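Biologist: I would like to go through this structure with you, one question at a time. Please show it to me before we start.

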Amino acid sequence: MENILESIQLVDTTLKQAGYENPLIGVAALNPHGGEGGLCGQEELTVIGKMETAADAVIDLPTVSRIHAKIRKRDGEYYLTDLNSRNGTSVNGKMIKSSEEYCLQDQDEVDFAQARYVFLK
């Protein structure tokens, strides 16, 4: 848990230094166990979206599609794919094409429509 907490505190401090008075930081565990040993994402496939019955990681925002994107673990790497969402998915400010697999790197900023997350490997 310390790895996750330290990362959240670093993001909070950085956002405050950038002028955000009270930043809201969302944290999503990419596995049903919510992380083990401070690490998240041990499952092979995680679906992201706002439909609770279909998504493993739910983002309840109107701009997020019901089934928005997926993250698949393969050969020790994590690949992000937009699932033809209405408002798109971007990594570090660059929109990814629908059905394109993007290999996530540590500290990548991922936007699911207007919901921003930082990928921690």
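Predicted model: local features only at pLDDT ≥ 70, side-chain atom pairs only at ≥ 80, totals over all residues.

Biologist: Which strands are the edge strands of the open sheet of five strands?

Modeller: The order in this sheet is E2-E1-E3-E4-E7, with mixed pairing. An edge strand pairs on one side only. The edge strands are E2 (57–58) and E7 (101–103).

Biologist: Which residue in E3 is the bridge partner of valine 47?

Modeller: Strand E1 spans residues 45–49 and pairs with strand E3, residues 69–74. The partner of valine 47 in E3 is lysine 70.

Biologist: Is serine 90 buried or exposed?

Modeller: Serine 90 is in strand E5, residues 89–91. Leaving out residues up to four places away in sequence, serine 90 touches Met95, Ile96, Glu109, Val110 and Asp111. Its relative accessibility is 7%, and the cut-off for buried is under 20%, so serine 90 counts as buried.

Biologist: How does threonine 13 count at 39% relative accessibility?

Modeller: Threonine 13 is found in helix H1, residues 2–17. Buried means under 20% and exposed means over 50%, with partly exposed in between. At 39%, threonine 13 therefore counts as partly exposed.

Biologist: How far apart in space are threonine 13 and proline 23?

Modeller: In sequence, threonine 13 and proline 23 are 10 residues apart. The distance in space is taken from C-alpha to C-alpha. That distance is 9.2 Å.

Biologist: Over the ring of which residue does the charged end of arginine 74 sit?

Modeller: A charge sits over a ring only if the CZ of Arg is within 6 Å of the ring centre and within 35 degrees of the ring normal. For arginine 74, the distance to the ring centre is 4.2 Å. The ring belongs to tyrosine 79.

Biologist: What share of the protein's residues count as buried?

Modeller: The protein has 121 residues. Serine 90, at 7% relative accessibility, is one of the buried residues. The share for the protein is 34%.

Terms used: Residues numbered from 1 in each chain as written. Heavy atoms only, no water. Helix = DSSP H or I, 4+ residues; strand = E, 2+ residues; numbered from the N terminus. Buried < 20%, exposed > 50% of the residue type's maximum accessible area, 1.4 Å probe, protein only. Contact = heavy atoms within 4.5 Å. Pairing = 2+ DSSP bridges.
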